[in-house]
Amino acid sequence: GIQRTPFSVIVLAPGYAPQAAVINAAAGTEVGHDFALAPAGGLSGSVRSAEDDPMPGATVTLTDAAGAVVAQEVTGHDGTFLLPALPGGGYTVTATATGHRPASQQVQVNGTVETALLALVADSGVYGVVRGPGDAPVPGVTVSLANTAGEIVATTVTSADGAYQLTGLAEGEHTLVAGGYQPVSAVVQVEDGQTATITLRL
């Protein structure tokens with residue numbers, strides 16, 4: 001009999017799931033083998049700011065229905081991403097970036113490359129400095145922000161230079177309070193995606 005040698009053949013093509021087969025071939029003979037390539041699912045898209053500018057360096061995470069991370073990518077200089085070769089099914093794609101609120105979208109992958117567009121809104125925040133007599137900055141002072149219902153929604157302690165920073169705030173009117181021997185307060189209007197700067201004087 002003719003001695004045949006087994007070979008492993010793997011076929012890779014952009015946009016398709018890899019296919020492999022073991023083929024037996026004898027020296028000096030030709031063997032034909034057909035491969036049926038099934039389209040691979042994938043997800044492409046872009047992350048942009050609320051002003052519709054590309055957001056490079058944003059982290060894009062894909063999770064399945066059970067909440068397990070399936071794939072992760074960082075957007076390029078033009079804010080785009082590509083998550084290839086995904087099994088069919090429903091996923092949640094989430095984009096995160098420093099100084100912005102996360103954005104999520106439900107996607108269904110069915111053997112083609114789906115597209116997602118995620119817009120990130122900048123965190124709302126209140127920044128400033130607490131100063132004492134003679135305009136000197138005061139470190140170690142507790143600064144709190146309360147909503148109209150009187151609930152404390154954020155709190156921090158001033159740094160060595162008297163600075164404070166409160167982020168991730170909801171829209172609306174708030175009261176800013178700096179604690180101390182004689183607490184002081186100020187009313188501040190938090191606007192979505194905007195930063196308010198308030199100096200408090202003890």
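The structure is a predicted model, in which local features need pLDDT of at least 70 and side-chain atom pairs count only at pLDDT 80 or more, whereas totals for chains, interfaces and linings use all residues. Residues are numbered from 1 along each chain as its sequence is written, and side-chain values use heavy atoms, with hydrogens and water left out.

Along the principal axes, the C-alpha atoms fill a box of roughly 100 × 30 × 30 Å. Of the contacts (heavy atoms within 4.5 Å) with a separation of 6 or more, 46% are accounted for by residues 24 or more positions apart.

In soluble globular proteins, nonpolar side chains tend to be buried together. A nonpolar core is here a set of buried Ala, Val, Leu, Ile, Met, Phe, Trp, Tyr and Cys residues joined through side-chain atoms within 4.5 Å. The largest such core has 20 residues, and those with the most contacts inside it are Leu-43, Val-47, Leu-62, Leu-83, Leu-86 and Val-93. Two or more residues are given to this core by each of the strands β3 (41-49), β4 (59-63), β6 (80-86), β7 (89-96), β8 (103-109) and β9 (113-120). Apart from this core lies another, of 17 residues, among them Val-143, Ala-154, Leu-176 and Ile-198. When residues up to four places away in sequence are not counted, Leu-86 touches Gly-41, Gly-42, Leu-43, Leu-62, Val-70, Ala-71, Tyr-91 and Val-109.

Val-11 is found in strand β1 (residues 4-11) and is partly exposed, with a relative accessible area of 23%. With residues up to four places away again not counted, Val-11 touches Pro-18, Gln-19, Phe-35 and Leu-37, while its C-alpha atom is separated by 8.8 Å from that of Ala-21, 10 residues apart along the chain.

The loop between β3 and β4 contains Pro-56, which counts as partly exposed at 48% relative accessibility. Pro-56 and Thr-75 are 19 residues apart in sequence and 5.1 Å apart in space, C-alpha to C-alpha, and beyond four places in sequence Pro-56 touches Thr-75, Gly-76, His-77 and Gly-79. Asp-52 lies in the loop between β3 and β4, is partly exposed at 47% relative accessibility, and has a positive phi of about 70° although it is not a glycine. A positive phi near 70° is also found for Asp-135, a residue other than glycine, in the loop between β10 (125-131) and β11 (142-146), where Asp-135 is partly exposed at 39% relative accessibility.

Note on methods:
Buried means under 20% relative accessible area, exposed over 50%, partly exposed in between (1.4 Å probe, protein chains only). Helices (H or I, at least four residues) and strands (E, at least two) are DSSP runs, numbered from the N terminus.
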